[in-house]
Amino acid sequence: MSIPVLALLLGAILGFAVNFHVPPAYTIYLAMIILSALDSVIGAILSNLSGKFKLSILITGFTGNAVMAVVLVFIGNILGLDFGIAPIIVFGVRMFNNVAAIRRIIIKKYFEKE
Amino acid sequence: MNKKIMRQVGVSLICLLLGFSVSLQLKSVRFNKVHSSDNLRAAELQTQLNAEREKNESLTRDLETAKAQLSELRQDSDGSILSVINKQLDDAQKLAGLVALKGPGVSVMLQDAKKGTTDSQIIHDSDIRTVINELLASGAEAISINGERIVSTSSIRCVGPTVIVNNTRLGAPFIINAIGDSKTLEAGLIVKGGVVDTLTPWGINVTVTKTDKLEIPAYNGASNFKYSEIVETKQNGGDAR
């Protein structure tokens, strides 16, 4: 489990080290990718703990969600409507749900050994 | 075993991407906040302005001390004081139009429309003034009309079919010579909507020629300053501040 953490740190260092700034108009798209990646990582932790992990679902879920979110924001930009709210709410709600599930599993596993 | 490795790799890849995009986003947002003036609040702009003003003040102070030093140096060095004065004299003569000058520039020829003599088809004093004003705005250093040097007291006015410059009658065609950067001068005249564009539709013939060698004669009128006197200022001594 420590390899993903190392990968996270490595990514963070790379992000700071790279000599490139996202223009203000595009930060919203990167934010969408961050959200879907965060959602996927939390989902992966949950499925790992509950033993239902499937790599194909993780990868396709992440890619599909990221693409969907970015496309929605893009269309919203064209239509003059803030479609970015939809992914934010969906990812946000799911992340809270997943974290709650993780919490329950951990409590069950480590604190309720009767 | 293989499945476990794959799992680690998959999660790691997404974690790598997550870390990368989070840090890149943090950096970009911070960068954009600092570097786009749109996002700067008025108060921040005000503080920036104040800082720039203070800088400006201190630079002005520096300039003043440098000027004082310069004037002291000018007084101290007996050898170069003459050249400084000569330079000032040259500048003053050029400015007053008391010497003939040569250099690169443009020659503008204004000619009345060939057919038709309605009011707007002949050249007026105002047309000439517009051309001269445009030339001065484009950085002309010396100007003459048909050999009459334009000086600070020159007037240009219509009298009948002729134009009087420096109390000399001039007839068409008018040749206006101007010393300066020939490219800039030409551009100033032929710019879209400029003086050439305004005059040509009336049939007035405007020809702008760039030349490397122009000679502009000195002002040959008498200078009679009856009323104005030079205001005495304390310029001697080291109190140039």
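Why does B:Val108 count as buried? I looked up its relative accessibility, which is 1%, so B:Val108 counts as buried. Buried means under 20% relative accessible area, exposed over 50%, and partly exposed in between, with a 1.4 Å probe and protein chains only.

**Ground rules.** I noted that this is a predicted model, in which local features need pLDDT of at least 70 and side-chain atom pairs count only at pLDDT 80 or more, while totals for chains, interfaces and linings use all residues. Residues are numbered from 1 along each chain as its sequence is written, chains are lettered from A and ligands numbered from 1 in the order in which they are written, and side-chain values use heavy atoms, with hydrogens and water left out.

**The two chains.** I looked up chain A and found four helices and zero strands. Helices (H or I, at least four residues) and strands (E, at least two) are DSSP runs, numbered from the N terminus. Along the sequence, the pattern of chain A is α-α-α-α. Of its 114 residues, 30% count as buried. Chain B has six helices and eight strands. I wrote down their order from the N terminus: α-α-α-β-α-β-β-β-β-β-β-α-α-β. Of the 241 residues of chain B, 31% count as buried. I then took the contacts (heavy atoms within 4.5 Å). In chain B, 72% of the contacts between residues at least 6 apart in sequence join residues at least 24 apart.

**Around B:Val108.** I placed B:Val108 in strand β1 of chain B, residues 101-111. Leaving aside neighbours within four places in sequence, I listed the contacts of B:Val108, among them B:Val131, B:Phe174, B:Leu189 and B:Val206. B:Ile145 is 37 residues from B:Val108 in sequence, and their C-alpha atoms are 9.4 Å apart.

Strand β4(B), residues 156-159, runs antiparallel to β5(B), and four bridges join them. Two strands pair if DSSP finds at least two bridges between them. B:Cys158 has B:Val163 as its bridge partner in β5(B). The hairpin of β4(B) and β5(B) has two residues between the strands, and B:Gly160 in the turn has a positive phi of about 60°. On to β6(B), residues 168-170: three bridges join this strand to β5(B), and the two run antiparallel. Here B:Val163 stands opposite B:Leu170. The hairpin of β5(B) and β6(B) also has two residues between the strands, with B:Asn166 at a positive phi near 50°.

**The interface.** How many residues of chain B are in contact with chain A? I found 23 residues of chain B in contact with 33 residues of chain A. The chains bury about 2700 Å² between them, 76% of it on carbon and sulfur atoms. Buried area is the accessible area (1.4 Å probe) that two parts lose on being put together, summed over both. B:Ile14, B:Leu18 and B:Lys27 supply 21% of the area that chain B buries against chain A, more than any other three residues. I looked for salt bridges (a side-chain nitrogen of Lys or Arg within 4 Å of a carboxyl oxygen of Asp or Glu). Across this interface the rule finds zero of them.
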